[in-house]
Amino acid sequence: MGVSLKETLEDETDAIQCENDLFSYKTKELLWLAEQLGLDSSKSLPSHMLPEQVADLIDNLRNKLAENSENEGKIGTNKKRKDRTSNTGSSKQTRSSNIIEEIQNKEMVTSVKTNDTNMLSIDAIKEIYNKFWKPSYKSITPREAYFIQEGIIKCKPKRFLEIGTASGISTGLIATFLGLNSGNEVVTLDLRKTLWTDHTKETGFLAEEICKKDVIITHITEKNSAYLPEKYLDNKFDMAFIDASHQHPWPTLDMLAVLPLMKEGTFIYHHDLALFYNRNQTNARGIGPKYLFDQMPQSIRFVAPFGGKNIYYIITPGNYESLSGALIDALYLPWTLNNKIPEPNFMNYIDIAKKYWDNNVVEALEITFKRYNPAIA
Ligand SMILES: C[S@@+](CC[C@H](N)C(=O)[O-])C[C@H]1O[C@@H](n2cnc3c(N)ncnc32)[C@H](O)[C@@H]1O
């Protein structure tokens, strides 16, 4: 497969910058909220906080401010967000299948009952972070890992696919959650052989160190998601987590490759839904997960109800092709790449579309590649 790495590596440097900016933006918002509520922000802010702690605090303060405003009659009571579903593209995009309704009728994932022996407590997860985590690993937070664990407890996946390994923190935790719930394999894929933020370390170096359970961890490096259908079509996955490039259209391309490999009625998690909020960006490069989320039917998409609401999952429908309209809609939104996608690399996705999707998807890939890719600097 003709994949040029240079452009992607440059993109990643920007992604780091972008996440740092996001953090400082969040901190500013926190200070502003504290001020609005008449709190002494200079005293109440510790000198350093974990991003998820900042996000939780912001949420609490936002709610408090909204409550105060409501009490004063300034804000209406209907704060529910209006979701929209895609209205173009394939007629196959039906809103629900039986399996989705079944899952929706069950309790929310966040209130899954456990017997404590099949899960790590949030404190146990935090202990693992204290031992292994560094900010430069750009990993999910302990609470987000816990959120994935809730899905694993609910769906009991045997085989899990991860795209975007980095240090292997998320991989090691996911493998541990699987091991506690009768799962047996994690396949994790990353474009890079060495850690994107520290080239002295191997990609995924922490995974086996963290996971002490009897779970096979298969590492694939120097590949992107286009490699997967060829290899795993006959051995489908029970759950997936996509946390690779967040520049649009990468999360959509990843979905295009991953959806045909998924069993019905399980979850595909996506990280960094909130990355696009960064106010310091000159273009919203990290908007990929958000563009994708917005096109997905409301009935199958769920955002984590905590912190910065930065992680979500899609429930896989019985007929994955019913999502072709949503993927097409996402593709037509302006691309936010920092560098062009090399043509041979993109051709791999067109080949996947030809094999596993309908002609409308192939056409959308061809048109949008011609429309957006040349204009990328
Ligand atoms: C945010 S990190 C993943 C963090 C990891 N999931 C965790 O929580 O510990 C993103 C990773 O995706 C990889 N990556 C970037 N673009 C990619 C692509 N198109 N396909 C596969 N991996 C990619 C990077 O090399 C980097 O290791």
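Two strands pair if DSSP finds at least two bridges between them. Helices (H or I, at least four residues) and strands (E, at least two) are themselves DSSP runs, numbered from the N terminus. In strand E4, Glu202 is the bridge partner of Thr194. The structure is a predicted model, in which local features need pLDDT of at least 70 and side-chain atom pairs count only at pLDDT 80 or more, while totals for chains, interfaces and linings use all residues. Residues are numbered from 1 along each chain as its sequence is written.

**The chain as a whole**

- The protein chain contains 14 helices and nine strands.
- Of its 377 residues, 43% count as buried; a residue is buried if 20 or more other C-beta atoms, placed from the backbone, lie within 10 Å of its own, exposed if 12 or fewer, and partly exposed in between.
- Two residues are in contact if their C-beta atoms, placed from the backbone, lie within 7 Å.
- Among contacts in the protein chain between residues at least 6 apart in sequence, 81% join residues at least 24 apart.

**Confidence**

- The pLDDT, which is the predictor's confidence in each residue from 0 to 100, averages 82 over the protein chain, and 74% of the residues score at least 70.
- Residues 1-18 have a pLDDT below 50, and this stretch has 34 contacts in the model beyond near neighbours in sequence.
- Residues 74-112 also have a pLDDT below 50, with 58 contacts beyond near neighbours in sequence.

**The seven-stranded sheet**

- Seven strands form an open sheet of mixed pairing, in the order E5-E2-E1-E6-E7-E9-E8.
- Strand E5 (216-221) and strand E8 (301-303) stand at the edges with a single partner strand each, so one side of each is left without a neighbour in the sheet.
- On average, neighbouring strands of this sheet are turned by 15° against each other, direction ignored; the axes are lines fitted to C-alpha atoms, for helices over the stretch in contact, and angles run from 0 to 180 degrees between N-to-C directions.
- Strand E1 (residues 159-163) pairs with strand E6 (residues 239-242) in the parallel sense over four bridges, and Glu162 stands opposite Phe241 in E6.
- E6 also pairs in the parallel sense with strand E7 (residues 267-271), over three bridges, and the bridge partner of Ile242 in E7 is His270.
- From E6, Met239 and Phe241 point one way and Ala240 and Ile242 the other way, and all are buried.

**The hairpin at Thr194**

- Thr194 lies in strand E3 (residues 194-195).
- E3 and E4 form a hairpin with two residues between them, and they pair in the antiparallel sense over two bridges.
- Strand E4 (residues 198-202) is hardly covered, as the count of buried residues among its five residues is zero.
- Thr194 is partly exposed because 14 other C-beta atoms lie within 10 Å.
- Not counting residues up to four places away in sequence, Thr194 touches His199, Lys201, Glu202 and Thr203.
- Thr194 and Gly204 are 10 residues apart in sequence and 8.3 Å apart in space, C-alpha to C-alpha.

**Around the ligand**

- Of the 23 residues around the ligand, Ser139, Gly164, Ser170, Ala244 and Ser245 come nearest; a residue is near a molecule or strand if its C-beta atom, placed from the backbone, lies within 6 Å of it.
- Helix H1 (6-36), helix H7 (169-179) and strand E2 (185-190) each supply at least two residues of the shell around the ligand.
- By class, this shell has 10 nonpolar, eight polar and five charged residues; Ala, Val, Leu, Ile, Met, Phe, Trp, Tyr, Cys and Pro count as nonpolar, Asp, Glu, Lys and Arg as charged, and the others, Gly among them, as polar.
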